[in-house]
Each structure stands twice: as structure tokens, then as C-alpha cells.
Amino acid sequence: MPTNKQDLLQHLQAAAKHYGSSILSRKQYIRYRLHYAAHAPTVQRITRHFESWHQAVSHAGLQDGFTAKRLRCLQCGQRYYLSSEGTDQHCDACAAQPKILLLNRSQERIVQALRMLHESLGYVPTTSDYRTYLVAYPQAPLPSISSVYRQCGTWTHALQLAGIASLEQPINSPQPTPHPHSPTKGADDHA
């Protein structure tokens, strides 16, 4: 068994490389040792030399899984740790892709529902419009408003995924339009 610190650090780096990440949790290392590197030192041996798991992975130039920020990618739905290449909405793989939009099934249903609502209303729908539509058509298999927020993060992002609104385009509330058969105020109202 390796006992010098440099050998221990090399084992940590090899485990992180196996997972393709600069983050290595204690659990990942145990799994790596169990399935791929039975000769690697135990977590206990590593922490004995470095006093803690956090210090060991820090000396190896890595982050431990406990202190790294873990998020869910809005495109592929996978859980990921926030890194310098990724964003707070997409994992490294999706952030590195050209602007091809990848949606999971739930997001696809939301996009279809928003596009349908946008087409029927003739303007950018608001959350109130969506809620009204859900109540008016309970038999329609539409995702709930909470699903929209859970899958897309924000209403604006959901509209952007649907191609209804862009980052540059402000989302304005619709101006009320008079019903074609209702009386309108005009020249006849002046006395």
C-alpha cells in the first residue's frame, strides 16, 4: 500500500479522472476503489495522512462533493456540480454544445402547451393566462404551473424555451382588446 502523500494524491486524481470531473466525493472514491482499483488506499488511510477528506482532495487539486454546488441541468435533466465551464442552468456538456436546444420530455410538453396557448391567445401568455387555461380546460393534459417552474426555473425561461420570447425581447402584458361585438367608445360617445 502506498504511504507517501504523493502516491495518495495520485490515487485521488486517478479516481477523479475516472469520473471525468474535478470533483471527487468520498462515496465516489469508495465506489471507484471497490470496482476499479482494489489496490488503492482506503479513505481512512487517506484521511489519516491529510487529517480530513476535504484537505486530501484540496491537496490533489480537486473539490470534494460535499462543498461543491450541485444543480440540475435544464436541458438534459442530469445532476451536475457547478464548475468553471458550466453555467448555473446547464451542465458542462450542454453548455459546451452549440445553440442546439435539447429538452427533456417534461420540458417538451411545457413547450408544446405554451406554444398552443400563445397561438390561441395571439400574445405572449402570462402565468395568469396559463392558470386560467388550466381551469377552463381541466381535461387537457397540460403540465401544472408548478411543473413549469420546476422544469424551467422561471416563467420567462419557459417562454424562451418555447421560442415565444427572447432574452432581448421584454415580456409585456397584453393590452386588453375589445370584443368585436361590444360597444366601443368613440365619436358617438361625445355629447
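I began at the end of helix 8, where Gly153 follows the helix with a positive phi, near 90°. I note that the model is a predicted one.

*Entry on helix 8.* I looked up which residues of helix 8, spanning residues 145-152, are buried, and found Ile145, Ser147, Val148 and Cys152. These residues cover an arc of only 155° around the axis, which puts them on the same side of helix 8. I then asked what the buried residues of helix 8 pack against. The partners are helix 6 (105-121), helix 7 (127-136) and helix 9 (155-161).

*Entry on helix 6 with helix 8.* I took the axes of this pair next: they come within 10 Å and cross at roughly 125°. Helix 6 and helix 8 are therefore oblique to each other, and I recorded their crossing as left-handed. On the side of helix 6, the contact is made by Ser106, Gln107 and Ile110, and on the side of helix 8 by Ser147, Val148, Gln151 and Cys152.

The axes of helix 6 and helix 7 come within 11 Å and cross at roughly 95°. That makes helix 6 roughly perpendicular to helix 7, since angles of 65 to 115 degrees count as such. I listed Ala113, Leu114, Met116, Leu117 and Leu121 as the residues that helix 6 brings to the contact, and Asp129, Tyr130 and Tyr133 as those of helix 7. By class, I recorded seven nonpolar residues, no polar ones and one charged in the contact of helix 6 with helix 7.

*Entry on Glu51.* I looked up a further positive phi, that of Glu51, at about 80°, although this residue is not a glycine. Where is Glu51 found? I placed Glu51 in the loop between helix 3 (43-50) and helix 4 (53-59).

Note on methods: Residues numbered from 1 in each chain as written. Predicted model: local features only at pLDDT ≥ 70, side-chain atom pairs only at ≥ 80, totals over all residues. Heavy atoms only, no water. Buried < 20%, exposed > 50% of the residue type's maximum accessible area, 1.4 Å probe, protein only. Helix = DSSP H or I, 4+ residues; strand = E, 2+ residues; numbered from the N terminus. Arc of directions from axis to C-beta. Contact = heavy atoms within 4.5 Å. Axes fitted to C-alpha atoms, helices over the stretch in contact; angles between N-to-C directions. Parallel < 35°, antiparallel > 145°, perpendicular 65-115°, else oblique. Left-handed = near helix turned anticlockwise from the far one by under 90°. Nonpolar A, V, L, I, M, F, W, Y, C, P; charged D, E, K, R; others polar.
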